[in-house]
Amino acid sequence: MSSVYEKYDLKPVINASGRMTILGVSTPEQEVVEAVNFGLDHYFEVKDLVNKSGAYIARLLDVEDAVVVSCASAGIAQSVAAMIVRGDPYRLEQLHAHPHQVPSEIVLAKGHNVNFGAPVGTMINLGGGKLVEAGYANECSPAQLAAAINPNTAAILYIKSHHCVQKSMLSVAEAVEVAQAHQLPLIVDAAAEEDLQLYYRLGADLVIYSGAKAIEGPTSGLVLGKRQYVEWVKQQSNGIGRAMKVGKEGILGLTHAIERYLVKEKESGAAMVAKMTPFIERLNQLPGVSARTVWDSAGRDIARTDIAFDHARLPMNTTQLVQRLQQGNPAIYCRGYKANEGHIEIDVRSVSPAQLDQIHTAIAQLTQETR
């Protein structure tokens, strides 16, 4: 519907940054769209839909229970609130009204205290929790995580993300050992992760996923894990979860997307390399530009194009180049996390060969402008 762009005066976007919230994350396949539309066109007893869709997802993933939420960020806030409220109806309704004489501190490795579009700490605070950092920005061992635990600790939170510091950080399995040794629940935020069973099988008590990233469902989130904890997350629909409720269409859409995700063939990193190789070869013919294949820093099977720019030979710095790409028509969004170091990355998962040609043309034009 190109008329939508015209009607609202919107620019088309080439998404070379990956499945990012700022661009609408993903484009679900037709079967998922049909499930969303069925939800839009019908009524349900919503509590029954929540419980039975969650039970259905739990059977698919071989976990105790699951619940669809509005997004992964909401999953963090509601999971934190669940660990503080723990089924108490008064605390549920008075979560932020005054201090409760119950544990409310959430221990998090300092290197995991990131901004993923909003600060992790904001989601913890929204859930009534107080963030306690463990270790240092570039280091957190199991012993350092354990040292931050005290009688006021309600849970441990682990963020599995490329945004986080990767070096010298304890693994999820090590965090599980610390949590179990101290009889505390471990919440794993695995928003963009591709394995929907790994962290639960490692022993995490609650695991949170984005419904729209790897799963390619509608905007939504998934919380799965131990039955009692998931029940407490569900209870938040009468507390803070009311302000972040997911619609019936989102519940049905994500449930079907998960079902499809488990059986469809996923694009491999090797396929991504084959797709981007001609693009890299053409980029390397441009003066002041050097391109190569790199792999996802968080360990996923995702290959990307890393493009380095020689500032001494180019008319603008890399941060300016990223901005100019975004200001074009179509707007081109790349991964600009390392622009200050003279690098950008191109994620090809949502990019067609024709769009790769457009990206090459745009970079060629910008790098050959007169100073």
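Me: Which residue in β10 stands opposite arginine 292?

Reply: The model is predicted, so local features need pLDDT of at least 70 and side-chain atom pairs pLDDT 80 or more, whereas totals for chains, interfaces and linings use all residues. Residues are numbered from 1 along each chain as its sequence is written, and side-chain values use heavy atoms, with hydrogens and water left out. Strands are DSSP runs (E, at least two residues) numbered from the N terminus, and two of them pair if DSSP finds at least two bridges between them. β9 and β10 (residues 303–309) run antiparallel, joined by 7 bridges; the residue opposite arginine 292 is aspartate 306.

Me: How many disulfides does the whole structure have?

Reply: A disulfide is taken as a pair of cysteine sulfur atoms within 2.5 Å. A search of the whole structure gives a total of 0.

Me: Is cysteine 140 buried or exposed?

Reply: Buried means under 20% relative accessible area, exposed over 50%, and partly exposed in between (1.4 Å probe, protein chains only). Because its relative accessibility is 1%, cysteine 140 is buried.

Me: Where is leucine 10?

Reply: Leucine 10 counts as partly exposed because its relative accessibility is 44%. Its place is in the loop between α1 (2–7) and β1 (13–15).

Key:
Helix = DSSP H or I, 4+ residues; strand = E, 2+ residues; numbered from the N terminus.
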